[in-house]
Amino acid sequence: MVGVFLVLLQAQYHPSIEIDEDRLLSAGGPALPLAESQLSGNPNNAKHLLVGVVQFDSPDGNNRTCVAWASFDGGQHWIRRALPVQCGGDPWGVILPDGSAIMVVLGYVKGREDNAFLLRSPDGGRTWPETPWVLDHTTIIRW
């Protein structure tokens, strides 16, 4: 009986993952190949999702854009934002407990020699800054 109580108690505090039908992130955006997608969820709001992806802008794969999508209704609708980084790869995002979003990407920004960048969206992915922060390493520790 104690084991059942503990399972039920834990279930109250941990949202479950629900799998539904496949959905397009955006039917209105450019029809370009996407790669290295990564999905994150808000630990305090299961309906708030963030996707980071590499978008191939040229057939030879040399021009790539880092793109972030955010959803605030569990994936029914998405907001697409191109990030100000020529994407080299490894887009990684997280939604923090306060609802802000962070994307870390490898890539290139004109006039910069660094290749790892961090962007923070205070509104959870609705908007992103035009200038990313430069990282001196590629490891981000989540606090």
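Let's begin with A70, which counts as buried because its relative accessibility is 1%; buried here means under 20% relative accessible area, exposed means over 50% and partly exposed is in between, with a 1.4 Å probe and protein chains only. Before I go on, a word on the source: this is a predicted model, in which local features need pLDDT of at least 70 and side-chain atom pairs count only at pLDDT 80 or more, while totals for chains, interfaces and linings use all residues. Residues are numbered from 1 along each chain as its sequence is written, and side-chain values use heavy atoms, with hydrogens and water left out.

Back to A70, which lies in strand β3; strands are DSSP runs of E with at least two residues, helices are runs of H or I with at least four, and both are numbered from the N terminus. What does A70 touch, not counting residues up to four places away in sequence? The list is L49, H77, W78, I79, G124 and G125, where contact means heavy atoms within 4.5 Å. R126 is 56 residues away from A70 along the chain, yet their C-alpha atoms are separated by 6.7 Å.

Seven strands form an open sheet, with antiparallel pairing, in the order β1-β2-β3-β4-β5-β6-β7; two strands pair if DSSP finds at least two bridges between them. At the edges are β1 (34-42) and β7 (133-134), each pairing on one side only. As a reminder, strands of a sheet pair through backbone hydrogen bonds, either parallel or antiparallel.

Seven bridges then join β4 to β5, with V94 opposite I102. Those two strands form a hairpin with five residues between them, and G99 in the turn has a positive phi of about 90°. Next, β5 (residues 101-108) and β6 (residues 116-121) pair over six bridges, and the bridge partner of A101 in β6 is S121.

G99 also turns up among the contacts of H48, along with S40, G41, N42, S71, F72, I95 and G124, leaving aside neighbours within four places in sequence. H48 is found in strand β2, and at 3% relative accessibility it counts as buried.

So what about the interior? The largest nonpolar core has 15 residues, and those with the most contacts inside it are L50, L83, V85, M103 and W128. A nonpolar core is a set of buried Ala, Val, Leu, Ile, Met, Phe, Trp, Tyr and Cys residues joined through side-chain atoms within 4.5 Å. Strands β2, β3, β4, β5 and β6 each supply at least two residues of this core, and β4 gives the most, with four. A second, separate core of seven residues includes V94, V104, L118 and L135.

One last stop is S58, in the loop between β2 (45-56) and β3 (64-71). Its side chain reaches the backbone nitrogen of N62 at 3.4 Å and that of N63 at 3.2 Å. Happy to take questions!

Key: Polar contact = N/O pair within 3.5 Å; in protein donor to acceptor, adjacent residues only side chain to side chain.
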